[in-house]
Amino acid sequence: SRCGDWVCLKNLHLVISWVPLLEKEIKNLKPHENFRCWLTTESHAKFPPILLETSLKVTYEAPPGVKKNMLRTIESWSQGWFGEGNELRSQVIFLCAHFHAIMQERRTYIPQGWTKFYEFSTSDLQSACETVSLLVKGSSDTIDWATLIGVLELAVYGSRVDNEFDSRLVKEYLALFFKKDTLESTRRAGISSSLEIPPFEIPLSKSVHDYRAKVELMPDIDNPQSFGMAPNSDRSLQRINSTKVIGTLRMLAAAAGSAEGGAASSAGVDVKAWKVQLGPLFQLWDNVQKAQISKVKNVEVRAVNPDDSPVVAFVLMDASEAGKLGDMVSASLNTMQKVIAGTALSTPDLIAEAKYLIQSEVPPAWSATWPSAPEDPAIFLQGLGARIQALKGDWLRRLSSGNPLREPVALSDFLRPDVFLNALRQQTARALKISIDSLHLVSSFESHLLSDASVSPLPVNVQGLILEGCSFNDQKLQLVEGHRSSP
């Protein structure tokens, strides 16, 4: 540093416990004006924030897509290394590059692609290529595919995977990629798979430029079908990314509102920030109460009787829980408004709930009796109002008619739709006088197929279901493959 030289310290995330010592050393330096210290690291939660704030930051992110991934790999290969051995070795190494790109790019579609993020790295590809070099010796025109698949599954890529579904996915990819049919153009035409492995005939060549020319013809934007996924998976990805961006913007807005709100009171409440950031929720809940809850405000939910059927008992309990949850939410929001007006004192629990709402999160106390509750407070309040109106209005009317399942059932009317299915199962077992364990759920788009009372005494017409990964043909009454534009 005294001589004005430059130094580069790489991969600090691998020695994160040592970084604080480096930070102290940098603070004590009296460097030459030409001295520069370059640090490289991957994102790490324990990286010292002060060191980040005092540094000029440059972020590099590799361009997404299978094409860009394979081009980066090919650019790292020298012709001398790639051309060693015969054409079979070069072809299989190229297959390894495509397989590696698929493994990495599927991470973009979490949780559809993988259930979690797996650290498939360049070292995995290097291990795969070294294995191929060992298996293809001299001028041999054959390779032990079983050994190659075993090594990649048990020692390289498969060893990083700890989920049963993901493990089966790795096995399926390995079986599709590494076989003789993939290399032979005459047999590739007969492979009935939507997975493109790769989407062109593999050159019978040892020249890396021939393979690069083929990769250049691939599309810049990936089609989810090329991964063997549903064609509209990218729409799900867009929704997930949009949700993350909106959440980040809300957090920034909450932080900015707190900074501009002024001094907090002695109780730790920033009255101005509460008023600005919680005001829209107060107005929304007031509208929900007037439009929906007021219609069933005076409706009483009777207690469950011992002779009530399981479905009737479930509806009564769910309606009661929805009413209690609505009262809890109303009490919390009303108290917050009184604290803002200066007519009530805040409590630690109330302050904690307000912080959750300011961060656009639902307080845990609110979602305790609603396991599948939305994470957005505005959607939560609207959904709660709709369920209170449905349970205390429509469903109590159905109970009074004596046959609550005669009309179509919307599972979105319930706080706990899974409990409704269990209650239906229990009531069916009683009607058939058999054990619950011997029953299984059967569904059909044609209601007449379930009209036999001796087999299905309690058929339920369910409406308002959301389909993901497929579409519904209302003419043929069957599920069909979705398209890229499918919702």
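1. A friendly place to start is a charge over a ring: Arg398 lies over the face of Trp395, with 4.2 Å to the ring centre. Please keep in mind throughout that this is a predicted model. Elsewhere in the chain, Arg106 has its charged end over the ring of Trp114, 5.8 Å from the centre of that ring.

2. The largest nonpolar core has 52 residues, and the members that touch the most others are Met103, Tyr157 and Phe178. Two or more residues come from each of helix H3 (66–75), helix H5 (87–105), helix H6 (122–135), helix H7 (145–156), helix H8 (164–177) and helix H11 (208–216). H5 is the top contributor, giving eleven residues to this core. Another core lies apart from it, with 46 residues, including Ala322, Val339, Ile340 and Leu384. As general background, nonpolar side chains in soluble globular proteins tend to be buried together.

3. Setting aside neighbours within four places in sequence, Tyr157 is in contact with Phe99, His100, Met103, Phe120, Asp124, Leu125, Ala128 and Leu152. Is Tyr157 buried or exposed? Tyr157 has a relative accessible area of 0%, so it counts as buried, the cut-off being under 20%.

4. One of those contacts, Phe99, is also a ring partner. The ring centres of Phe99 and Tyr157 are 5.0 Å apart and the planes meet at 85°; the pair is edge-to-face because that angle is over 60 degrees. This pair links distant parts of the chain, 58 residues apart: Phe99 belongs to helix H5, while Tyr157 sits in the loop between H7 and H8. Phe99 is buried too, with a relative accessible area of 0%.

5. Phe177 and Phe178 are both buried.

6. How many aromatic pairs does a search of the whole structure find? The count is 22. Ring pairs join Phe99, Trp114, Tyr118, Phe120, Tyr157, Tyr173, Phe177 and Phe178 into a cluster. Trp114 in this cluster is the residue whose ring has the charged end of Arg106 over it.

7. Finally, a hairpin. Strand S5 (residues 470–473) pairs with strand S6 (residues 478–481) in the antiparallel sense, over four bridges. Cys470 is opposite Glu481 in S6. Four residues separate S5 and S6 in this hairpin, and Leu477 in the turn has a positive phi of about 55°.

Technical notes: Residues numbered from 1 in each chain as written. Predicted model: local features only at pLDDT ≥ 70, side-chain atom pairs only at ≥ 80, totals over all residues. Heavy atoms only, no water. Core = buried A, V, L, I, M, F, W, Y, C linked by side-chain atoms within 4.5 Å. Buried < 20%, exposed > 50% of the residue type's maximum accessible area, 1.4 Å probe, protein only. Contact = heavy atoms within 4.5 Å. Phe/Tyr/Trp six-rings, centres within 6.5 Å; stacked < 30°, edge-to-face > 60°. Lys NZ or Arg CZ within 6 Å of the ring centre and 35° of its normal. Pairing = 2+ DSSP bridges.
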